[in-house]
Amino acid sequence: MRTRGVFLSFGLMLALLLAVSVVSPAQEPQYGGILTIVMDGAGEPSLLDAQMEPYVEGWLISHLLADNLAFRDYDGLVKPHLAKWSVSEDGLTWIFLIREDVVFHDGTPLDAAAVKANFDRVLDPAHPTPQTTDRLGPIESVEVLDKYVLKVTFSSVWASFTDALSIGVFPIWSPTALEKYGDAFPEKVVGSGPFMLDEWIPGSHVKLVKNPDYNWAPSCIGHSGPAYLDGVVFKWVTEQGVRGQIIKTPEANIVMNLPAEYVPSYRDDPDYIFLKTVSPGTGLQHVMNTTENSFLSDIRVRRAVLYTVDQDEINKLGYGGNWLASYGAVNPLTPSYNPEASTTAMYPHNLETARNLLTEAGWVDTDNDGIREKNGEKLELGWYCIHNEIIGEIVSEQLKEIGIKVNVRLVPGPVQLEAAQQRTFDFMYERERGPDIGYLRYFWHSDNAVPGGWSWTGFTDPVLDKWLDVLRTSADQTERFAASGKAQRIILENALQVPTVAQPIFWVLKPEVENFRATTAGNYFHLYDVWLNR
Amino acid sequence: MRSVTVVDVLHMPKYIINRFIQMIPVLFLVATIVFILMRVVPGDPAILMLSGQGAISPEMVAELHQQLGLDRPLIAQYLSFIGNALKGDFGSSNRLKASVVRVLLRVLPYTVALSVAGMIVSVVLGVPLGILSALYRGTWFDSLFMVVAMFGVSVPLFWFGLTLILVFSFMLGWLPPISAGILRLQSLALPALTLGFSQAGLIARLTRSSMLETLRQDYVTTARSKGLAERVVVMRHALRNALIPVVTVIGLQLGSMFAGAAVTETVFSRPGLGRTIVSAVVWKDYPLVQGAVLFAAVGFIVMNFLVDLVYAWLDPRIKYT
């Protein structure tokens, strides 16, 4: 019960920390205006079709263009949206009652056949949407029972189904447009959302305009009819120096992912609104390669690393203490975080212990150059990252203390994925953010230790799989949290990852932006009820 | 000054045809090299397309190989690529799920506008700077200009671009820090200045040395001895000849800007061919890389062709044959 109490208090803390919003309840919302949001160009999506786009920025835009069957509200709770559902006692059969008043942007009415067309699209083996397919789970069949009734049958229980339905990966697109545009659909995306695609210039911006007919917002939003804004423009800016100051120009109303070094400039500036949100999730962890390709295959070396890396120092030196130190397989704000499965509890900072472990493993500095050797090979390890290389540089300095040389390799995403597939890394960046702890399965279950899977360490363990399977099959929150805590413990016991820090999202807004709220679901926001006070 | 004669005009079509015929082996070679290079680089585009999204089965990879035509022998892939390219069909981008031609045509106006604007900046700055430096050779004025030119050649583009943004966008608020429009002057000004400034340094140094050499020629001495004003001697007699090597470099630079402006494009968040190629290479997007490199090669060749035409205007001794 003590553990559960800890979970609950963390959950409460999460809710409090994430309830970040800009609300002026005293004022009457105004219609009109174009909201411009500047986002990190490094995250620019290739496609606006979230059924196919693997990155969250693509889901975010999709999510404004299309509605989902379910909706995750500002408190992180899953609510019905395009459909209500009921589940059979064995958890295998789901019946969806589809809304009858929804019309896609091209005039096609929503019905069960339209939803089925979307399921068919992502379940089609010839259509490469593995992430969406994975998240939707082991679906056996999808049948239209009536014009507005759909039945989905699973081969085994899939507890994360409503989570998949509520986040960006499964927007419901117009079946007419899917048919009409075929392969070109990702450029033309047609949904039923509060905004419609107006212009997309890759490398520059995406422009959305208001859907004037929108009248099916989720009831939890507290606003009906069309969106307040006439339109939204997303601009992609890669240069941190530009992103850090662009809010001072007419080019932006909101900057998402403000670089950390600019936080002090805006935090206390009354001319701007500064927000900080932290998502539940893994933190920026670096998983360790346990295969024979790496010196980290020896658990003593991995444990020596964990005794040495100081997460608080990374946060302080790298981010001025503005980020959140992460000590385990999930960050401390994640519901189900198990503080007993953390580096502070299991690997308290101790260089002597770390040195002894390396010596025991046969790594000794024989030539007094500060780097340990064994069988004529230096203890040099590669630290792969796709951003935030500063973490690698700090870790490199920390591990130098115990005679390990770390080479930081900042690489593009595709190179990271290739190295992960081929297991040619030592430390590899990997992160997931979101409200559903089910993502632990992606990183640590042996099912995903296959080409294309997210489990990259090469470590498999039936006991770990057993706890992770609970996350797949059980909808009981207490049971899920307990299983998550046990899995976290096994991950740390086997020293499979280096926890570092969790990255908050820093936002800076012009004061005319009203009612902007970031949600608990990763870095999501809804713009439907945002308005500009002009 | 010799004007273009009827004989020249009659020779022009033949010359143009010859040049176009010369283009064919060059483009063929470029296409072959880019095709081979992309296949030599390790990594499977199909795995990359599916990676990071979820577990991939060998069947999924095989299916995608078939869809992309990667299951066929290399020679068959090559012949298809060449055959389709001759018809102007470069296939679809693996990553963007759109026709390569459509992707390229979407970014091409941005690239052409930036390249031309950058070149205008470099010529407007570089040529006068080079002439003045030559005319005032050895003075403090010459030294100062050459220091500026050296600065232009050596300064990193991204640093210079960011400095311009800091001054003109954030401090003075005159110009936008990002470049969204194709031809909007406000939008083009800073990226064109960034791109043009580095080229201006090279042009200034080249103009200066070429001008100094020309000013030493006998015909310039003759012109001066006739009592012509120095301005006339410089502008009418010396400059045209001095500009011939400069025009060659301008042509080459303009061609290279087509695909080489990726840094400037990134700093100013501007779409363009350079960024498109870099991104496509990283994602091993074979069709897009192949199409984009061929587009860039055509741009380069056309620029050189135009330069050759300008030669004849500058130097009457050059004929189109």
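Predicted model: local features only at pLDDT ≥ 70, side-chain atom pairs only at ≥ 80, totals over all residues.
Which residue takes a positive phi in the hairpin of S9(A) and S10(A)?

Now the hairpin. Strand S9 covers residues 195–201 of chain A, and strand S10 covers residues 205–210. The two run antiparallel, joined by six bridges. One of the pairs is A:Leu197 with A:Leu208. Three residues sit between the strands, and A:Gly203 is the one with the positive phi, near 90 degrees.

Glycine is one case. A:Asn375 has a positive phi, near 50 degrees. A:Asn375 lies in the loop between strand S16 (373–374) and strand S17 (377–378) of chain A. Is A:Asn375 buried or exposed? Relative accessibility is 73%, so A:Asn375 counts as exposed; the cut-off is over 50%.

The other is in chain B. B:Lys284 is not a glycine either, and its phi is positive at about 50 degrees. Its loop connects helix H12 (273–282) and helix H13 (286–314) of chain B. B:Lys284 is buried, with a relative accessible area of 6%.

On to the sheets, both in chain A. The four-stranded one is open, with order S5-S6-S8-S7 and antiparallel pairing. Strands S5 (83–87) and S7 (139–146) are at the edges. Each has a single partner strand, so one side of each has no neighbour in the sheet. On average, neighbouring strands are turned by 20 degrees against each other, ignoring direction.

Look at one pair in that sheet. S7(A) and strand S8 (residues 149–154) run antiparallel and share six bridges. Among the partners are A:Asp146 and A:Val149. Helix H3 (residues 112–123) of chain A packs on this sheet. H3 touches strand S6 (93–98), S7 and S8. The direction of H3 makes about 165 degrees with that of S7(A).

Next, the five-stranded sheet. This one is open too, in the order S19-S18-S20-S14-S21, and its pairing is mixed. The edges are strand S19 (405–410) and strand S21 (497–498) of chain A. Again each edge strand has a single partner, so one side of each is left without a neighbour in the sheet.

Which way do S18 and S20 of chain A run? They run parallel. Two bridges join S18 (residues 380–385) to S20 (residues 427–430). A:Tyr384 has A:Met428 as its bridge partner. Helix H14 (residues 389–400) of chain A packs on the sheet and touches S18, S19 and S20. Its direction makes about 175 degrees with that of S19(A).

Now a helix in chain B. H8(B) spans residues 185–215, which is 31 residues. A straight helix would reach 45 Å at 1.5 Å a residue, but the end C-alpha atoms of H8(B) are only 37 Å apart. H8(B) also has a kink of about 30 degrees, centred on B:Phe197. Of its 31 residues, 22 are buried, so H8(B) is largely enclosed by the rest of the structure.

Last topic, cysteines. How many disulfides does a search of the whole structure find? Zero, over all chains. A:Cys385 is buried, at 1%.

How values were computed:
Residues numbered from 1 in each chain as written. Chains lettered and ligands numbered in written order. Heavy atoms only, no water. Pairing = 2+ DSSP bridges. Axes fitted to C-alpha atoms, helices over the stretch in contact; angles between N-to-C directions. Contact = heavy atoms within 4.5 Å. Expected span 1.5 Å × (residues − 1). Bend = angle between axes of the 7 residues up to and from the residue. Buried < 20%, exposed > 50% of the residue type's maximum accessible area, 1.4 Å probe, protein only. Disulfide = S-S within 2.5 Å.
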